[in-house]
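Reader: I would like to go through this structure with you. Could we begin with the terms and then turn to the details?

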Amino acid sequence: MTRVFNFSAGPAALPETVLRQAAEEMLDWQGSGMSVMEMSHRGREFMSIAAEAETLLRRLLAVPAGYKVLFMQGGAIAENAIVPMNLLRGHASADYIDTGEWSKKSIKEAKKYGRVNVAASAADSGYTTIPARETWKLDPEAAYVHICSNETIGGVEYHFTPEVGSVPLVADMSSSILSRPVDVSKYGAIYGGAQKNIGPAGLTIVIVRDDLLGGALPVTPSAFDYKTVADNESMYNTPPTYAIYIAGLVFKWLEAQGGLAAIEAHNRQKAALLYDYLDTTRFYSAPVARDCRSLMNVPFKLHDEALDGAFLKGAEARGMMQLKGHRSVGGMRASIYNAMPLAGVQALVAYMKEFEAKNG
Ligand SMILES: *Cc1c(COP(=O)(O)O)cnc(C)c1O
């Protein structure tokens, strides 16, 4: 068996120890005689799996009292609709900060449910920056302020938590959740699909402040009404049971790594290795402004895009997969989520140097 270094943006690499434990428990979870996939979501065994996953997530992120943790489905793209349906709460509009592809999708979807005020946009920079907080034109009457903490495609990440006064801050954290500590108390809601940094696709994590529940638009599907989901402890309908189980194993793995402060140090080390090299060569370039470079998704370009195919082919021959950039931006992208070991980034940088020496 050979495991590759998987630089996919999502679904993405998972810790090998997690996959091994899941393999061991596949046919018989802890003496139950069943696979987790075969269990009733209301049975004693699965209820304990789900409860432990929630406890671990709350502990990792230090989620304060007064917040619900919801295990939902539909991914972040469904949340782009679910958020306004739940959080507009009679307000005329919501503020959105436009920092790239994922913000644009959120904005487009939210417009179906209410008025959207794009309070700041990084379009002028070609989405290589985060607009400075002082430039945001926020509406104090807005239902919420929506940001995308980490633009998975553009590789642009917030390295600050914006102060937005008493208006709830809402963040799509799909690709940065659990990569470092977050002060949850600064947010009204945080959401993200699991398949970047947590586990299998199919699970969506929502963390939402209690006082924001209960005001969903009447058309909101019951399964997407945060209050209904919360009142039923994420079991209003059948939750993605196997994905929750794997997420729980990943949370346990994260604790064993030392928690989010330790994983942040590891992530910073990995990202620095790649960015430091990108900054010393003219053969490759990194498009994103230094102060908002993503720790998770590192886009870069070869100076001559005619070499892209050869670069990818050589990488694959060396067991480094999924380095092709998103079709909307081209070039390369190395996604280096929590589960990517330092050795994977070291191998990538060594290969980049070798490729430059041969073709530079
Ligand atoms: C991947 C991603 C999405 C889309 O998630 P789905 O699970 O496909 O709905 C949305 N936002 C961000 C920031 C992402 O990284």
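This is a predicted model: local features need pLDDT of at least 70, side-chain atom pairs count only at pLDDT 80 or more; totals for chains, interfaces and linings use all residues.

Reader: Understood. Where is Arg89 found in those terms?

Author: Arg89 is in the loop between α3 and β3 (93-98). Its phi is positive, about 45 degrees, although Arg89 is not a glycine. With a relative accessibility of 27%, Arg89 counts as partly exposed.

Reader: And Gln30, what is its phi?

Author: Gln30, also not a glycine, has a positive phi of about 45 degrees. Gln30 sits in the loop between α1 and α2, and its relative accessible area of 55% makes it exposed.

Reader: Which peptide bond is cis?

Author: The one from Gly10 to Pro11, with omega near -10 degrees. Pro11 belongs to the loop between β1 (5-6) and α1 (16-24).

Reader: Turning to the ligand, which residues come nearest?

Author: There are 13 residues around the ligand, and Ile77, Thr152, Asp172, Gln195 and Lys196 come nearest. The shell is made up of four nonpolar, seven polar and two charged residues. Helix α3 (residues 75-87) supplies the largest share, three residues.

Reader: How much of the ligand's accessible area does the protein cover?

Author: The protein covers 86% of the 390 Å² that the ligand has on its own.

Reader: A change of topic: what span should helix α2 have?

Author: Helix α2 (residues 44-61) has 18 residues, which at 1.5 Å a residue should span 26 Å. The C-alpha atoms at its ends are 26 Å apart, so the two values agree.

Reader: Which residues of α2 are buried?

Author: Phe46, Ile49, Ala50, Ala53, Leu56, Leu57, Leu60 and Leu61 are the buried residues of α2. They lie on the same side of α2, because they cover an arc of only 130 degrees around the axis. The face turned away from that buried side carries the exposed residues Arg44 and Arg59.

Reader: And which residues are buried in α4?

Author: In α4 (residues 101-110), the buried residues are Trp102, Ser103, Ser106, Ile107 and Ala110. Their arc around the axis is only 140 degrees, so they are on the same side of α4.

How values were computed
Residues are numbered from 1 along each chain as its sequence is written. Side-chain values use heavy atoms; hydrogens and water are left out. A residue is near a molecule or strand if one of its heavy atoms lies within 4 Å of it. Accessible areas come from the Shrake-Rupley method with a 1.4 Å probe; for residues, only the protein chains shown count as cover. Helices (H or I, at least four residues) and strands (E, at least two) are DSSP runs, numbered from the N terminus. Ala, Val, Leu, Ile, Met, Phe, Trp, Tyr, Cys and Pro count as nonpolar, Asp, Glu, Lys and Arg as charged, and the others, Gly among them, as polar. The expected span of a helix is 1.5 Å times one less than its number of residues. Buried means under 20% relative accessible area, exposed over 50%, partly exposed in between (1.4 Å probe, protein chains only). The arc is that of the directions from the helix axis to the C-beta atoms.
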